[in-house]
Amino acid sequence: MKHLSGFLSVIFSVFLLAACQNKPVEKDGMVLINGHDDIKSYWLDVSPVTVAQFDKFVKATGYQTEAEKFGDGGVFDFNLGVWKLQKGVTWQYPFGQDSGAAKPDHPVTMVSWNDAVAYCKWAGKRLPTSEEFILAEKNGHPDYDKTYTWGQDFKENGVYKANFWQGSFPGKNTVDDGYLTTSPVGHFGKNELGISDLGGNVWQWCQDDSDERQGEKVQRGGSYLCDPSVCHGFKVGGIASSSPETSLVHVGFRAARDE
């Protein structure tokens, strides 16, 4: 019995060690992602940078975003179903002051790539590369073969897993997921790594230059304006791009840091 007890203790210890090794390592609101091939291990924010977090940055530095400097930004008009350049929009009022202030726990939008880089430098971080973003979407598994970071379907147990467009873009959004525009970060849950909002809610700036459009920077993750029949940007590997000074109502960012 003594030998059996010792054997079982060893097996239990090995099981606990394996469980701990598979558990995501989280610290200071970031998750450590193990590297693969040419990607070195790195830390990635659990969620996109929120309005409240960006507010701290602005108050600490007096930073003025490019939308504030230019006096306008790109806004989607839900009534007309078109994009327009709107005066007076800011990260605090991304649809204009008549539409109310952005909520503190929602991802910050109406921030350009340059604005995102400035925030990251202040925070001692950087923007993730496209490869890092996709590896996070794949839950750290290069051979991940499901359509979305959470799995294969829009819903699990009858509940939507992301904030995206339901209905027919651009004319009708049924808002079945509960949100016409942004949603609170983390509202739709986290993937296996413990990271939220990698699909839907807002497109997110990455470090990279676009291979398809000269002078533009890559965005990943899709947004609340993505209708799967038109723009399936919230699936793993979804991609868009804009010029680095562009500010849009459905684009935000998250930060990364070297291990």
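**Aromatic contacts and sheet architecture**

A search of the whole structure finds 23 aromatic pairs, where rings of Phe, Tyr and Trp (its six-membered ring) pair if their centres lie within 6.5 Å, with planes under 30 degrees apart counted as stacked, over 60 as edge-to-face and the rest as tilted. In one of these, the rings of phenylalanine 57 and tryptophan 122 have centres 5.4 Å apart and planes at 50 degrees, so the pair is tilted. Phenylalanine 57 lies in helix H2 (residues 51-61) and tryptophan 122 in helix H4 (residues 113-123), so the pair ties together parts that are 65 residues apart in sequence. The model is predicted: local features need pLDDT of at least 70 and side-chain atom pairs count only at pLDDT 80 or more, whereas totals for chains, interfaces and linings use all residues. Residues are numbered from 1 along each chain as its sequence is written, and side-chain values use heavy atoms, with hydrogens and water left out.

Phenylalanine 57 is buried at 2% relative accessibility, while tryptophan 122 is partly exposed at 39%; buried means under 20% relative accessible area, exposed over 50% and partly exposed in between (1.4 Å probe, protein chains only). Tryptophan 122 also forms a tilted pair with tyrosine 119, at 5.6 Å centre to centre and 55 degrees between the planes. Tyrosine 119 and tryptophan 122 are 3 residues apart in helix H4 and therefore separated by about one helical turn. Tyrosine 119 is buried, with a relative accessible area of 7%. One aromatic cluster comprises Phe54, Phe57, Tyr63, Trp91, Tyr119, Trp122 and Phe253.

An open sheet is formed by 4 strands in the order E1-E2-E3-E14, with antiparallel pairing. Helices (H or I, at least four residues) and strands (E, at least two) are DSSP runs, numbered from the N terminus, and two strands pair if DSSP finds at least two bridges between them. Strands E1 (25-27) and E14 (256-258) are the edge strands, each pairing on one side only. Strand E3 (residues 42-45) pairs with E14 in the antiparallel sense over 3 bridges, and leucine 44 stands opposite alanine 256 in E14. Helix H5 (residues 130-137) lies across strand E2 (30-33), E3 and E14, running at about 75 degrees to E3. Here, contact means heavy atoms within 4.5 Å; axes are lines fitted to C-alpha atoms, for helices over the stretch in contact, and angles run from 0 to 180 degrees between N-to-C directions.
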